[in-house]
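Work through the two exercises below with the structure in view. Each has a task and a solution in steps.

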Amino acid sequence: MTFRARHLLGIEPLAPPEITTLLDLAEDYVELNRRTVKHSDALAGMTQINMFFENSTRTQASFELAGKRLGADVMNMAVAHSSVKKGETLIDTALTLNAMHPDLLVVRHPQSGAVNLLAEKVNCAVLNAGDGRHEHPTQALLDALTIRRAKGRLHRLTVAICGDIAHSRVARSNLLLLGKMESRLRLIGPATLMPPGAADLGVEVFEDMNEGLEGADVVMMLRLQRERMDGGFIPSEREYYHRWGLDAEKLARAKPDAIVMHPGPMNRGVEIDGTIADDINRSVIQDQVEMGVAVRMAAMDLLARNLRAERGRAAAEQMA
Ligand code: CP
């Protein structure tokens, strides 16, 4: 098996064969999830704790479903009702839960790097469900699976990532993953929402949507991350939609069979026209949601295999 990671904290440390291994396994889980009976025992006897310090619909629900379909005991920590509200730190919270012997910890946190820090303090496998503007690895993996299923490959595709790049962990993880898999990448958005040094990332950078979308195979729209903005980055939502919102006229610049993606949640009429988002001939947004469950099942399955192997080696060493 080509997947050696102890945790899934980001795309950065993953080698291309590890990404392919995970996507290939996720294909099996897509098939399982379409059956009437969706159960496997890949995580039987294991305990999964989900800790979401930021709001989530897709990621939280799909990690919970993924764990349950794989037979794990799944506990969702209710952060709003926890001792975090009395001032307990992230690390103390993690150490407390670690003492209950979880096997998998799924964490979303508003601070970049918080999940990596937590992973150093616990004995179980940690999965990053999104940390600040740093990484959202399972989102990039589910996006990759969606693209691979729609286009048959990940290499030699022109992928345009559009909108609020600067505040987006989704953009960062996708840039890393698609770059490793040899896609051609373009970033499109206002200069105020472009990360410093974007032009040095080996990608093409455009301010004009019509130019940037020319001949694209994949159009990936991003949400305006208002919760991470500390000032005015756009003149107005109306002006933003006019220049950077995806409508039929702008989409016509991409290839006729280009797919439209959005990680959600969407602001219809701000970054994307609702008709395009709902067009089943162009939009793969609901496929992304479906792939999210399968990718999270594959990620937890692979980490659990590595965890069992590690524990097996440790037990053998103790006996020797
Ligand atoms: N794409 C994504 O992370 O959505 P949620 O915030 O709803 O989990």
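This is a predicted model: local features need pLDDT of at least 70, side-chain atom pairs count only at pLDDT 80 or more; totals for chains, interfaces and linings use all residues.

**Exercise 1**

Task: Find where the ligand sits, which residues are around the ligand, and how much of its area the protein buries.

Solution: 
- Step 1. The site of the ligand is the largest pocket.
- Step 2. Around the ligand are Ser56, Thr57, Arg58, Thr59, Arg108, His136, Gln139, Pro263 and Gly264.
- Step 3. Sorted by kind, this shell holds one nonpolar, six polar and two charged residues.
- Step 4. A side-chain N or O atom of Thr59 is 2.6 Å from a ligand oxygen. For Arg108, the distance from a side-chain N or O atom to a ligand oxygen is 2.9 Å. A polar side-chain atom of His136 is 2.9 Å from an oxygen of the ligand.
- Step 5. The ligand taken alone exposes 260 Å², and the protein buries 91% of that.

**Exercise 2**

Task: Determine how many cavities of 30 Å³ or more the whole structure has, and which elements give two or more residues to the lining of the largest cavity.

Solution: 
- Step 1. The volume of the largest cavity is about 80 Å³.
- Step 2. Its lining includes Arg58, Thr59, Gln139, Pro263, Ile285 and Arg296.
- Step 3. Helix H2 (58-69), helix H5 (137-151) and helix H11 (285-319) each give two or more residues to this lining. H11 gives the most, with five residues.
- Step 4. By kind, the lining of the largest cavity has four nonpolar, five polar and two charged residues.

Notes
Residues are numbered from 1 along each chain as its sequence is written. Side-chain values use heavy atoms; hydrogens and water are left out. A residue is near a molecule or strand if one of its heavy atoms lies within 4 Å of it. A polar contact is a pair of N or O atoms within 3.5 Å; within protein, one must be able to donate a hydrogen and the other to accept it, and residues adjacent in sequence count only if both atoms are side-chain atoms. Accessible areas come from the Shrake-Rupley method with a 1.4 Å probe; for residues, only the protein chains shown count as cover. On a 1 Å grid over the protein atoms alone, a cavity is a set of points where a 1.4 Å probe fits but cannot get out, and a pocket is an open set with protein on both sides within 12 Å along at least five of seven lines; lining residues have an atom within 4 Å of a point. A molecule sits in a cavity or pocket if more than half of its atoms lie within 2 Å of its grid points. Ala, Val, Leu, Ile, Met, Phe, Trp, Tyr, Cys and Pro count as nonpolar, Asp, Glu, Lys and Arg as charged, and the others, Gly among them, as polar. Grid points are joined across faces, edges and corners, and a volume is the space filled by probe spheres set on the points. Helices (H or I, at least four residues) and strands (E, at least two) are DSSP runs, numbered from the N terminus.
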